[in-house]
2 protein chains.
Amino acid sequence: MKRATIEDVAALAGVSRQTVSRAINDKGEISPATKEKVMAAVRQLGYRPNRQAQSMVTQRTHTVGLVIPDISNLFFPEVARGVQDTAQQHNYNVLLCNTDDDPNEEIRVLNSLQAQGVDGIIILGNAAEQTAMQTFADSYAPIVMVNRFIDHPNINVINVDNEHGAFLAVAHLIQQGHRKIGMLANKNFSRSQVRRVRGYEKALTENGIPYDEALIVGASPTLEGGYNALQQLLGEHPEITAVFTYNDLMGIGAIRAAHDLAKQVPHDLAVVGFDNIGLSSIFIPSLSSVHVDKYEIGQRAMNRILDMLDSPEQSFAPIELPVTLVTRESST
Amino acid sequence: MKRATIEDVAALAGVSRQTVSRAINDKGEISPATKEKVMAAVRQLGYRPNRQAQSMVTQRTHTVGLVIPDISNLFFPEVARGVQDTAQQHNYNVLLCNTDDDPNEEIRVLNSLQAQGVDGIIILGNAAEQTAMQTFADSYAPIVMVNRFIDHPNINVINVDNEHGAFLAVAHLIQQGHRKIGMLANKNFSRSQVRRVRGYEKALTENGIPYDEALIVGASPTLEGGYNALQQLLGEHPEITAVFTYNDLMGIGAIRAAHDLAKQVPHDLAVVGFDNIGLSSIFIPSLSSVHVDKYEIGQRAMNRILDMLDSPEQSFAPIELPVTLVTRESST
DNA sequence: TTGTACGCGTTATCAA
DNA sequence: TTGATAACGCGTACAA
């Protein structure tokens, strides 16, 4: 059984295609009587407009692309839910793409999405390539980026208050009496990385503790990265009693490493992470963390895309998302 | 700057649209000389075919739908990666949809995907509604379902060996000397639930241990579900020394509950889960589990969709995925 | 208020 | 080997 077309509906209702189109899209003037007649035919045939055909003429696909490093990374599924739920409410679909934080792959994916004809693109992650992004944005809009900074009329930005979050985390550790506080940082360059180190430094300095770069170890922002980095840090600086980690994955890796070194958390070593992923509240010991509303990031990003679509000429202010500190077993 | 069309390429190359199409799609006969001439024009203009227009005539969108309960559930991101990576290799895109295990939502999503024109649909999760699925499958193909059983020519099935996995887990606990073994089951009906209980029963009976339904507590297959279920089970049957859980999330919830009850895992209580999600190897104590290759599920599902697309008339055998037991700290 | 005619960008059919 | 023409299903000026 072939799918019904607008032509079939028109024939059944005894009107023209145009009238059917009007009835469906609530556009133009149409008499209630004929509208009802058309809708009855629509129901009877189970008619659904063909999206491809619609797209051809409207230049809208009702699809957005979501570009993230890796959906398996505990941070991103919640963001994805925020994007998808919001998209669904507005009758939009989401095309999900993973880049594994590879700049080349990111560009490849972006071009693919553009060719596919998505109405907008949301980008998360650290892959840099400022110039390549600039070039891409020259020929595509709208784009929303999270935790990156690119000044381009076609790109809108959502930022988490990374510096303040890091400040809160480290200030908390200081308040708990710690003076020798290390940091497990993200070895990859990223805007959030820079901000979080700055917050770490600021908290130390404001409390009269010397900032010592030697206490910062860079590693990949993963469980393994945190695991290895903590071992290295404690090897070089056994006097450390607390660490602030770039994210929760590293924090949990650090706890696991401490555990394997027969160190008690928080007694021998306090740990505070960043992002507050779901896992952190469950882990034993539970991990203190800077809370970021990941679902909201997704919501905001999707809504901003819709706004940009509605008002292509308007320029929107960057969105700043606040953070809060959640203290748990790992630091108290 | 507007996007180049096939017409622009034809004009620049001094040939007809059709010739351009032939050059690009490697179809039909075409002289190497003209082909090269066309390709040069393509490069010069940065031409990319319009997918919507292609879809109009080919009836192919190069897009598949992936329907899962919740991407935030630790099981599904890995499956999604398997699907997406495989799709990408074949120049396909993936539309991700969450159902929250709601049967109505599932049907809604399926209809939406059909309207969107996806070339195939992969469905995971427990939402039942056999008859509704039958009806849907009557008007749509191809469909691949994981861990469900529906006999329909348009539906292909991938099954994990749930019964054997459960059997391995419980036999292992018995071998460790346990005789009083409870189970935290999935309160929602699902094919995998039934199979896992059956494996649990089989392992007990084959080892001369009486099967007692009172030792099975049903709960939602989540961290909280496992947490609450274990408390209930130990309250009613304090003699229990080991539990097998429907999945790892429940298993970790159970460990957390035991921890809060001041019970040592595995000394006071051994725990074995199912699925072997990434978290299980990291948790303290690490969780023994039945390993399921989630990435492979995604790969196989996507490949099967492609196979069905290639050979619509052919009927394919269900895919059975083996499992293995991974023993860790929680049971040894 | 309703219908006619055209165009969106591509592939398929058939004739040259 | 190539090109003209028709379709795919829909929205939208414009005419009636």
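**View 1. Residues around DNA strand D.** Of the 25 residues around DNA strand D, the ones that come nearest are Ile6(A), Ala53(A), Thr19(B), Glu29(B) and Met56(B). Keep in mind for this and every other view that the model is predicted. Which elements supply at least two residues each of the surface near DNA strand D? From chain A they are α1 (6-13), α2 (17-25) and α4 (51-58), and from chain B they are α2 (17-25) and α4 (51-58). The largest share belongs to α4(A), with 5 residues. Sorted by class, this surface near DNA strand D has 13 polar, 9 nonpolar and 3 charged residues.

**View 2. Chain A in outline.** Here we step back to take in one chain. Chain A is built with 13 helices and 12 strands. Its C-alpha trace spans about 85 × 40 × 30 Å along the principal axes. How does the radius of gyration of chain A stand against that of a compact globule of 332 residues? The globule would come in near 20 Å, but chain A has 25 Å. Buried residues account for 47% of the 332 residues in chain A. As for contacts in chain A with a separation of 6 or more, 71% of them link residues 24 or more positions apart.

**View 3. The open sheet of chain A.** Six strands make up this one: an open sheet of 6 strands in chain A, ordered β7-β6-β8-β9-β10-β12, with mixed pairing. At the edges sit β7 (216-219) and β12 (324-326) of chain A, each pairing on one side only. On average, and ignoring direction, neighbouring strands of this sheet are turned by 20 degrees against each other. Zoom in on β8 (residues 242-245) and β9 (residues 270-275) of chain A, and you'll find them paired in the parallel sense over 3 bridges. One pair to look for is Ala242(A) with its bridge partner in β9(A), Ala270(A).

**View 4. Helices on the chain A sheet.** Helix α9 (residues 191-206) of chain A packs on the sheet and touches β6 (181-186), β7, β8 and β9 of chain A. The direction of α9 makes about 170 degrees with that of β6(A). Then there's helix α11 (residues 248-260) of chain A, which lies across β6, β8, β9 and β10 (288-291) of chain A. Helix α11 of chain A runs at about 155 degrees to β9(A).

**View 5. The open sheet of chain B.** In chain B, an open sheet of 6 strands has mixed pairing and the order β7-β6-β8-β9-β10-β12. Its edge strands are β7 (216-219) and β12 (324-326) of chain B. Strand β6 (residues 181-186) of chain B pairs with β7(B) in the parallel sense over 4 bridges, and Met183(B) has Ile216(B) as its bridge partner in β7(B). Helix α9 (residues 191-206) of chain B packs on the sheet, in touch with β6, β7, β8 and β9 of chain B. Helix α8 (residues 162-175) of chain B lies across β6, β8 (242-245), β9 (270-275), β10 (288-291) and β12 of chain B, at about 165 degrees to β9(B).

**View 6. Where chain B meets chain A.** How many residues of chain B are in contact with chain A? There are 30, and they meet 30 residues of chain A. Elements of chain B that each supply at least two residues to this side include α4, α5 (76-89), β2 (93-98) and α6 (103-116). By class, the side of chain B that touches chain A has 14 nonpolar, 11 polar and 5 charged residues.

Methods
Residues numbered from 1 in each chain as written. Chains lettered and ligands numbered in written order. Predicted model: local features only at pLDDT ≥ 70, side-chain atom pairs only at ≥ 80, totals over all residues. Near = placed C-beta within 6 Å. Nonpolar A, V, L, I, M, F, W, Y, C, P; charged D, E, K, R; others polar. Rg over C-alpha atoms; globule rule 2.2 N^0.38 Å. Buried ≥ 20, exposed ≤ 12 C-beta atoms within 10 Å, placed from the backbone. Contact = placed C-beta atoms within 7 Å. Pairing = 2+ DSSP bridges. Axes fitted to C-alpha atoms, helices over the stretch in contact; angles between N-to-C directions.
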